Amino acid sequence: MKTDMKKLESAELKIGKKILNLDVYEGALEERCIDISKLRQETGYITYDPGFGNTGIASSDITFVDGEKGILLHRGYQIEDLAANCTFIEVAYLLIFGKLPNQEERLAFSASLNANSMLHEDMRQFFSNYPEHSHPMAVLSAMVVSLSTFYPEIEDESESIHLTVTRLLSKMRTIAAFSYKKSIGEPVRQPSWKYRYCENFLSMMFKSPVNNYQIDPIVERALNLFLVLHADHEQNCSTTVARAVCSSGANLYASIASGVCALWGPLHGGANQGVIEMLEKILAGGIKPSDIIEAAKRKDSKLRLMGFGHRVYKTYDPRAKLAKQSCVDLLNHLGMQDDPLLDIAMELEQRALTDDYFIEKHLYPNVDFYTGIAYRAMGIPKNMFTVMFAIGRLPGWIAHWLEMKADREQRIVRPRQIYVGKNVLPFVKIENR
Ligand code: SDX
């Protein structure tokens, strides 16, 4: 809210002979904004900013991104420190409750996540009605919004938000694993009290009555890191959608299910699947990486170098650096250091980072460029990669939903437009058309 920002000298806007003084504010880390909330009322004008690249929709103390310097903070902590020292559950606690948990809080949170990790038996039946080829993002969004039918307390807020949030964090991971088992025609595997969050996910995904799958601690640690790297990212597309749905007064499950749908797009969270499909196409077709780079530069080509570019980062995404190192370490550990997809990815990166087109447009690897290679090495199928992104992003969506609910300055999201259609037309009855 404005009260959280420092007021600076106002800005002048001259429209014709009229000069309007607009308040200017500064945030905690020197970001500045011009308050235009009275612009239309005082001038009849609106601003025009497709994609909201220049528009701040809120003040927030959850995450800070400096796209020029490649800085990412969650509640003030650097992503590098969180990635090196925290589990995903600790980062989820930080984002949602605003502080890193102490031992007692962490144990209580884990116990609550465990207690809420199973799905209602009637909900488990839903999976048998989806076709096997269903995209798991469709299943995930449908199942998340369906949670509101099993837990209607969300509507009258008659239960603690702590329980609602913990239930969602735990069940979304179970839904993801169940949708995978359904897609391969195997019986689902229930979560176990014996496992931590990521161990339980790996167990539910890969254990079965006929295999002796052992949870590899290196794989579990890599999975924790990847989920941490996806945990939140300011007002990205899916978070903005979740906040917009929240602004209408819709419940948490509806808001999160909307965020899942927004994340699905290939320009957003779907890019991690797009990267692998691009790498597999290059490998299968014997295409030269240099040809892909040239194609991605052509104005007329729809092809993008997937996993490259970012609305905010105009330098290397700090998450991509951490993901790349973790991906290389994991593949070395698994004896997959010769994975041809990794070689192709590294060659694409090396070529792009030395190419004028990418340099001039400040296009660098983003969080999606290497994560899919690691998920693939873990045995996760590519149509589940964006589900992994959603599991990671869930605490961020929840934190923003809670912040939006508490922000007294926020109103229902309803942008304006400039109409360029027809003026009043005489109505023509159907018999005369
Ligand atoms: C995520 O917002 C977030 O924080 C998102 C995210 C998060 O954590 O929530 O970080 C997660 O979504 C990462 C992005 C994943 N998407 C991809 O990797 C898809 C490929 N990248 C792009 O499509 C693109 O870079 C976006 C969507 C990420 C950003 O798009 P913008 O900011 O709208 O930029 P743009 O499309 O206007 O591109 C600017 C220029 C254009 O050229 P010109 O028209 O100026 O000549 O750069 C070009 C683009 O053609 N360009 C690319 C490119 N990305 C941008 N050219 C080739 N390959 C690319 N990948």
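Reader: Where is His362 found?
Author: His362 sits in a loop. That loop runs between helix H17 (356–360) and helix H18 (368–378). Keep in mind that this is a predicted model.

Reader: What is the phi of His362?
Author: Phi of His362 is near 55°. That is a positive value, and the residue is not a glycine.

Reader: Is His362 buried, partly exposed or exposed?
Author: Partly exposed, because its relative accessibility is 38%. Buried would need under 20%, and exposed over 50%.

Reader: Switching to the ligand. How many residues are around it, and which come nearest?
Author: There are 24 residues around the ligand. His233, Lys299, Arg304, His310 and Arg319 come nearest.

Reader: How does that shell divide by class?
Author: It has 10 nonpolar residues, seven polar and seven charged.

Reader: Which polar side-chain atom lies 2.9 Å from a nitrogen atom of the ligand?
Author: One belonging to Tyr357. A polar backbone atom of Leu267 is 2.8 Å from a ligand nitrogen atom. Lys361 has a polar side-chain atom 3.0 Å from an oxygen atom of the ligand.

Reader: How much of the ligand does the protein cover?
Author: The ligand has 1,100 Å² of accessible area on its own, and the protein covers 77% of that.

Reader: How does one find where empty space is left?
Author: Rolling a probe the size of a water molecule over the atoms shows it.

Reader: Which residues line the largest cavity?
Author: Among them are Phe127, Tyr130, Pro131 and Glu132. The lining also includes Val139, Lys182 and Ser183.

Reader: Which helices each supply at least two residues of that lining?
Author: Helix H6 (136–150) and helix H8 (161–183). H8 gives the most, with three residues.

Reader: And the classes in that lining?
Author: The lining of the largest cavity has five nonpolar, three polar and two charged residues.

Notes
Residues numbered from 1 in each chain as written. Predicted model: local features only at pLDDT ≥ 70, side-chain atom pairs only at ≥ 80, totals over all residues. Heavy atoms only, no water. Near = heavy atom within 4 Å. Polar contact = N/O pair within 3.5 Å; in protein donor to acceptor, adjacent residues only side chain to side chain. Areas by Shrake-Rupley, 256 points an atom, 1.4 Å probe, with all protein chains shown as cover. Nonpolar A, V, L, I, M, F, W, Y, C, P; charged D, E, K, R; others polar. 1 Å grid on protein atoms, 1.4 Å probe; cavity = no way out; pocket = protein on both sides within 12 Å on 5 of 7 lines; lining within 4 Å. Helix = DSSP H or I, 4+ residues; strand = E, 2+ residues; numbered from the N terminus. Buried < 20%, exposed > 50% of the residue type's maximum accessible area, 1.4 Å probe, protein only.
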